[in-house]
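Subject: Handing over the structure

Hi,

Here is the structure I promised to pass on. Please open it beside this message, so that you can look up each residue as you read.

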Amino acid sequence: ARIVIRNVIAKRHHAEPIIDATTFEVRRKRRDVVPDFADFVGHASRHVEDEDEVDGVDVMPGVRSVLARMRAFSDDVRNGRWLGHTGQRITDVVSIGIGGSSLGPKMVCEALRPYQDPTLNVHFVSNVDGTDFAEAVRDLDAAETLFIICSKTFTTLETLTNANAARSWFVERCGAAAVGRHFVAVSTNHEAMDAFGIDPAN
């Protein structure tokens, strides 16, 4: 099974036909893209070392551009340059997702806990039960909170339920005009993000 999956990724097939998602995970994990990334992709990374095209298009410029934006954004949040709508520094980040969109970020945070900035707290919401969200934000100041919505399609029921709960909680305290400064997303569905109120730049 591992060899089959490796070859599918290496050849960048359309492995998710429902949403027409092309797999080129290896491209995002190459050492020349992320120099310090551990070489855990094994033979797959060497197998496709000189192949950067997906459907005849060189994907690497786009990959590098997105990674650079992610790095700049995360640095701004950690260094206090990303401010809330009142000009206050972000002290709490709430990650909303389910499945791999929740477990992946949570795993990274757990693994890098020794290097975590003690002034920045990270919370995770994945359970569709409203208690999960209520407990996560119980002691938070909305003006100092940043929500990250992780949903590839921005249509996952559980994630959208929690995202809408977060938006209602936030708007009640800070107003709808401030949503763009306190909500960002990891998704490919730009139209749905726009409708939600997330700035296209975020």
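Below is what I found in it, part by part. Please keep in mind that this is a predicted model.

As background, nonpolar side chains in soluble globular proteins tend to be buried together.

Leaving aside its neighbours within four places in sequence, Phe-183 is in contact with Leu-146, Phe-147, Ile-149, Ala-163, Ala-166, Arg-167, Phe-170, Phe-196 and Ile-198.

**Helix 6 and its buried face**

Next, have a look at helix 6, which covers residues 130-137. Its buried residues are Phe-133, Ala-136 and Val-137. Viewed down the axis of helix 6, these buried residues fall within an arc of 85 degrees, so they line one face of the helix. What covers the buried residues of helix 6? The cover includes strand 4 (121-125), strand 5 (145-150) and helix 7 (157-174).

**The aromatic rings**

The rings deserve a slow look. The count of aromatic pairs comes to eight. In one of them, Phe-133 and Trp-169 have ring centres 6.4 Å apart and planes at 85 degrees, so the pair is edge-to-face; the angle needed for that is over 60 degrees. Because Phe-133 lies in helix 6 and Trp-169 in helix 7, this pair ties together parts that are 36 residues apart in sequence. Are these two residues buried or exposed? Phe-133 is buried, with a relative accessible area of 7%, and Trp-169 counts as buried at 11% relative accessibility.

Phe-170 and Phe-183 form another edge-to-face pair, at 5.7 Å centre to centre and with 80 degrees between the planes. This pair also links distant parts of the chain, with Phe-170 in helix 7 and Phe-183 in strand 6 (residues 183-186), 13 residues apart. Both Phe-170 and Phe-183 are buried.

These rings belong to one aromatic cluster, formed by Phe-133, Phe-147, Phe-154, Trp-169, Phe-170, Phe-183 and Phe-196. You will find Phe-154 in the loop between strand 5 and helix 7, and it is buried, with a relative accessible area of 4%.

Two arginines sit over rings as well. Arg-167 lies over the face of Phe-196, at 5.7 Å from the ring centre. Arg-181 lies over the face of Trp-82, at 3.9 Å from the ring centre.

**Cysteines**

How many disulfides does a search of the whole structure find? It finds zero. Cys-109 counts as partly exposed at 28% relative accessibility, whereas Cys-150 counts as buried at 9%.

Gly-180 is in helix 8 (residues 179-182) and counts as partly exposed, at 23% relative accessibility. Leaving aside neighbours within four places in sequence, Gly-180 is in contact with Gly-197, Asp-199 and Asn-202. Gly-180 and Asn-202 are 22 residues apart in sequence, with 8.3 Å between their C-alpha atoms.

Ser-102 lies in helix 5 (residues 100-111) and counts as buried, at 5% relative accessibility. With neighbours within four places in sequence again left aside, Ser-102 is in contact with Gly-97, Phe-124 and Ser-126.

Enjoy exploring it, and write back whenever you like.

Best wishes

Methods: Residues are numbered from 1 along each chain as its sequence is written. This is a predicted model: local features need pLDDT of at least 70, side-chain atom pairs count only at pLDDT 80 or more; totals for chains, interfaces and linings use all residues. Side-chain values use heavy atoms; hydrogens and water are left out. Buried means under 20% relative accessible area, exposed over 50%, partly exposed in between (1.4 Å probe, protein chains only). Helices (H or I, at least four residues) and strands (E, at least two) are DSSP runs, numbered from the N terminus. The arc is that of the directions from the helix axis to the C-beta atoms. Contact means heavy atoms within 4.5 Å. Rings of Phe, Tyr and Trp (its six-membered ring) pair if their centres lie within 6.5 Å; planes under 30 degrees apart count as stacked, over 60 as edge-to-face and the rest as tilted. A charge sits over a ring if NZ of Lys or CZ of Arg is within 6 Å of the ring centre and within 35 degrees of the ring normal. A disulfide is a pair of cysteine sulfur atoms within 2.5 Å.
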